[in-house]
Number of protein chains: 2
Amino acid sequence: MRNFCLTLCYDGTRYRGWQRQGNTGATIQGKVEAVLSRALAQPVETAASGRTDAGVHAREQVVSFRGHTELSCEEILQALRDYLPEDIGATALAEAPPRFHARLSCREKTYLYRVWNSPAPCVFQRRYVCRWPEPLDTAAMEAAGARLCGKHDFAAFCTAAGKKRSTVRTLREIRILRQGEELRLFFTGDGFLYNMVRILAGTLLEVGAGRLAPEDMPDILAGRDRKRAGPTLPAQGLCLWQVRYGSEREMEADGPLFF
Amino acid sequence: MRNFCLTLCYDGTRYRGWQRQGNTGATIQGKVEAVLSRALAQPVETAASGRTDAGVHAREQVVSFRGHTELSCEEILQALRDYLPEDIGATALAEAPPRFHARLSCREKTYLYRVWNSPAPCVFQRRYVCRWPEPLDTAAMEAAGARLCGKHDFAAFCTAAGKKRSTVRTLREIRILRQGEELRLFFTGDGFLYNMVRILAGTLLEVGAGRLAPEDMPDILAGRDRKRAGPTLPAQGLCLWQVRYGSEREMEADGPLFF
């Protein structure tokens with residue numbers, strides 16, 4: 001049984017997210033497993049670094065799967081490139097150590113939330129940004145971001161937090177980058193709760209607009225009340241940017257272009 | 001009667017090109033005139049710097065139109081932003097001198113042809129590039145481009161050249177830029193024949209692949225035979241990049257982002 005590590009990128013617009021869901025709609029996992037099962041002539045099940053929700057994109061998603069096959073990695077990669085739809089791209093495929101598992105071995109992920117912060121048109125990137133034309137105070141957003149980083153209970157930044165599972169996560173870094181009309185928010189951490197990045201981004205935009213203050217962040221965290229944080233921003237602005245592993249898998253130097 | 005100069009960008013994927021065509025399909029001109037006619041409460045006819053064909057994009061298209069109205073430019077621009085579909089963007093609107101005409105006053109245009117020159121996936125830019133995974137010798141392409149520049153009869157680089165109209169044009173510059181997996185071909189000239197940029201790009205790719213030589217260019221030009229030039233590349237890789245005018249209209253410092 002060989003173990004493989006596949007790197008994907010995708011435009012999530014048309015999909016109900018990563019995770020296979022019976023026959024209730026197109027999912028990225030479903031598309032990838034169909035091509036792999038055909039290429040390897042056996043049922044193939046994949047594990048991703050994490051799910052992405054309906055409409056969310058990935059510049060770098062990492063997926064592991066096992067299979068009995070004599071095909072080379074090049075041949076399997078070619079099959080993926082030949083048969084995956086145009087909005088799912090197979091970037092790289094390598095043989096992985098037996099214990100490598102895309103989700104369990106994952107150490108850290110970075111998500112990007114893209115905000116088109118201008119009344120000007122955004123024609124060519126329209127599927128990958130959230131429009132927010134209101135002027136934004138990025139210094140205030142950075143100050144709020146600094147207060148959200150660290151190991152905290154993020155229950156306030158999570159949709160439908162289960163009562164039992166821990167909502168403690170470590171958010172290592174929030175980076176805010178202005179590029180012309182666009183504001184890019186990068187979130188790096190060891191794990192993210194359901195909708196956590198979209199709520200963090202929505203909260204930072206409320207700070208940028210002056211409706212919340214950086215000083216409110218510790219209270220919002222401590223209150224563990226979803227209603228006090230900002231709105232859940234739309235899926236289309238969110239993109240899984242990078243996935244990091246330890247020595248089990250060298251980090252890719254560069255993912256595919258995503259502008 | 002006021003005269004206006006409108007700058008647009010658009011994703012041409014869904015359209016049968018710029019030019020209005022009765023009721024035979026969605027055109028960009030049709031969409032723009034519908035919004036302007038409604039905003040100005042009178043029939044508005046537009047003139048563009050040039051037509052773009054079905055599936056061709058524009059980062060900067062310039063359009064002029066006349067109308068009796070007391071609306072400010074800001075108000076008209078806002079109407080365009082509110083009512084144009086997402087894949088057509090109104091970048092700027094200004095009042096123009098009475099004699100300004102987007103087509104007749106145009107001095108020079110630059111088109112970009114985008115080639116995704118890699119077997120790697122191109123998910124996020126897939127609608128705006130032509131895939132050509134074969135290795136390309138860009139030095140040979142540059143040498144061929146240099147021989148195509150200048151004032152020539154471009155009949156060989158034109159689909160269905162009319163027998164009567166002149167096929168002489170001045171191609172001022174061809175620039176070839178490699179950006180990662182992408183090759184960008186910029187063509188600047190005073191005017192372009194039907195399909196001329198797509199055939200020029202196809203000819204340069206044949207040179208890059210070694211099936212034509214830079215030295216063949218003068219013969220192909222002299223022969224005036226379409227069959228000797230390279231293929232007409234697909235519309236989706238083509239984009240009207242920039243339109244230049246004289247003193248009648250200041251050049252925009254920057255068009256909208258187009259990556």
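Domain bounds here come from an automatic or database domain assignment. For chain A this assignment gives domain 1 (2-104) and domain 2 (107-240). This is a predicted model, in which local features need pLDDT of at least 70, side-chain atom pairs count only at pLDDT 80 or more, and totals for chains, interfaces and linings use all residues. Residues are numbered from 1 along each chain as its sequence is written, while chains are lettered from A and ligands numbered from 1 in the order in which they are written.

The C-alpha centres of domain 1 and domain 2 of chain A are 28 Å apart. Between these domains, 14 residues of domain 1 of chain A are in contact with eight residues of domain 2 of chain A; two residues are in contact if their C-beta atoms, placed from the backbone, lie within 7 Å. The side of domain 1 of chain A that touches domain 2 of chain A comprises three nonpolar, seven polar and four charged residues. In this classification Ala, Val, Leu, Ile, Met, Phe, Trp, Tyr, Cys and Pro count as nonpolar, Asp, Glu, Lys and Arg as charged, and the others, Gly among them, as polar.

The next level is the pair of chains. Chain A superposes on chain B by a rotation of 180° with 0.0 Å of shift along its axis, at an RMSD of 0.0 Å. The two copies are therefore related as by a two-fold rotation axis. Such superpositions are made by least squares on the C-alpha atoms of residues with pLDDT of at least 70 in both copies.

Where the chains meet, 22 residues of chain A are in contact with 22 residues of chain B. On the side of chain A that touches chain B, β1 (2-10) and β4 (88-95) of chain A each supply at least two residues, and the largest share, three residues, comes from β4(A). Strands are DSSP runs (E, at least two residues), numbered from the N terminus. By class, this side of chain A has 13 nonpolar, three polar and six charged residues.

How confident is the predictor, and where is pLDDT under 50? The complex has an ipTM of 0.88 and a pTM of 0.90. On pLDDT, the predictor's confidence in each residue from 0 to 100, chain A has a mean of 93, and 93% of its residues reach 70 or more. Over residues 250-259 of chain A, pLDDT stays under 50. Where pLDDT is low, the predicted coordinates should not be read in detail.

Definitions and conventions. Helices (H or I, at least four residues) and strands (E, at least two) are DSSP runs, numbered from the N terminus.
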